[in-house]
Amino acid sequence: MVHIGNDWDGILKEAFESDWYRALREFLKEEYSRYTVYPDMHDIFNALKATAYSDVKVVILGQDPYHNPGEAHGMCFSVKPGVRVPPSLQNIFKEINDDLGIPIPQNGYLKHWADQGVLLLNTILTVRRGEPFSHKGAGWEKLTDLIIGKLNEREDPVVFLLWGAPARAKKALITESRHYIFEAPHPSPLSAYSGFFGCRHFSKTNAVLFSLGKTPVDWSVG
């Protein structure tokens, strides 16, 4: 039913064959036939396709996809080259600039991060056009909680960046004695000034990776 093309296929095989995932799939068939839904159905699992389970060093946890035309493409916060950089991503780039001095890019395509082991995962993987959280409760949370749980099972530590209340609620799924968790308000214009700006999560993440003997992330967009 789903083909990721890396080790996620085996890890999530049982989930993709479950009754609850079949119900989610039927829901999505109906939604895509009746409404404009983002991202394109072929892009839903791009985050998993771009970053294999065994390669994950960092997880950035988003909420649900961008709900405006042309923005969502299956990786949280990212937009394809040529698409206007959304406000939340502009704020992420501003914090990276303040934290690490990396120039603010005009391009919001974050594949360069994914290629380095940054899993760009939304907690809900689809949305109706112009209707944020319209697919909340449809079943995606069960799958993405399972993904977080599978990463938590690893002995090899992962850095989790949890921004905003829905992402921070996932802290309960993570064993803090083994993994690293950095929390902040969401980078949206509504909350970025409440503690996202100044969180320095990007330099903190790289310090952890360096301490673990791993290559730090190049937080430019490549």
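Biologist: Okay, what percentage of the 222 residues count as buried?
Modeller: It's 53% of the residues in the protein chain. Keep in mind that this is a predicted model.

Biologist: And what is the chain built from, in terms of secondary structure?
Modeller: There are nine helices and six strands.

Biologist: How does its radius of gyration sit with that of a compact globule?
Modeller: The two agree: the chain has 17 Å, and a compact globule with 222 residues would be near 17 Å. If you draw a box around the C-alpha atoms along the principal axes, you get roughly 45 × 40 × 30 Å.

Biologist: Switching to pockets. What's the volume of the largest one?
Modeller: About 510 Å³. Its lining has 34 residues, and the ones nearest the centre are D64, P65, Y66, F77 and H186.

Biologist: Which helices and strands supply at least two residues each to that lining?
Modeller: That would be α4 (46–50), α5 (87–100) and β3 (118–122). The largest share comes from β3, with three residues.

Biologist: What kinds of residues are in that lining, by class?
Modeller: You'll find 20 nonpolar, eleven polar and three charged residues there.

Biologist: And how big is the second largest pocket, by volume?
Modeller: That one is about 350 Å³. It is lined by 13 residues, and M1, R25, M41, I44 and F45 are the closest to its centre.

Biologist: Which helix gives the most to the second pocket's lining?
Modeller: Helix α3, residues 19–34, with five residues. By class, the lining of this second largest pocket has eight nonpolar, two polar and three charged residues.

Biologist: New topic: I clicked on T205. Which helix is it in?
Modeller: T205 lies in α9, which covers residues 201–211.

Biologist: Is T205 buried or exposed?
Modeller: T205 is buried, because its relative accessible area is 0% and the cut-off for buried is under 20%.

Biologist: So which residues does T205 touch, leaving aside neighbours within four places in sequence?
Modeller: T205 is in contact with V58, V159, L161, F182 and W219.

Biologist: Last one: how much accessible surface does the chain have?
Modeller: About 10000 Å², and 51% of that belongs to carbon and sulfur atoms.

How values were computed:
Residues are numbered from 1 along each chain as its sequence is written. This is a predicted model: local features need pLDDT of at least 70, side-chain atom pairs count only at pLDDT 80 or more; totals for chains, interfaces and linings use all residues. Side-chain values use heavy atoms; hydrogens and water are left out. On a 1 Å grid over the protein atoms alone, a cavity is a set of points where a 1.4 Å probe fits but cannot get out, and a pocket is an open set with protein on both sides within 12 Å along at least five of seven lines; lining residues have an atom within 4 Å of a point. Grid points are joined across faces, edges and corners, and a volume is the space filled by probe spheres set on the points. Helices (H or I, at least four residues) and strands (E, at least two) are DSSP runs, numbered from the N terminus. Ala, Val, Leu, Ile, Met, Phe, Trp, Tyr, Cys and Pro count as nonpolar, Asp, Glu, Lys and Arg as charged, and the others, Gly among them, as polar. Buried means under 20% relative accessible area, exposed over 50%, partly exposed in between (1.4 Å probe, protein chains only). Contact means heavy atoms within 4.5 Å. The radius of gyration is taken over C-alpha atoms; the globule rule is 2.2 Å times the number of residues to the power 0.38. Accessible areas come from the Shrake-Rupley method with a 1.4 Å probe; for residues, only the protein chains shown count as cover.
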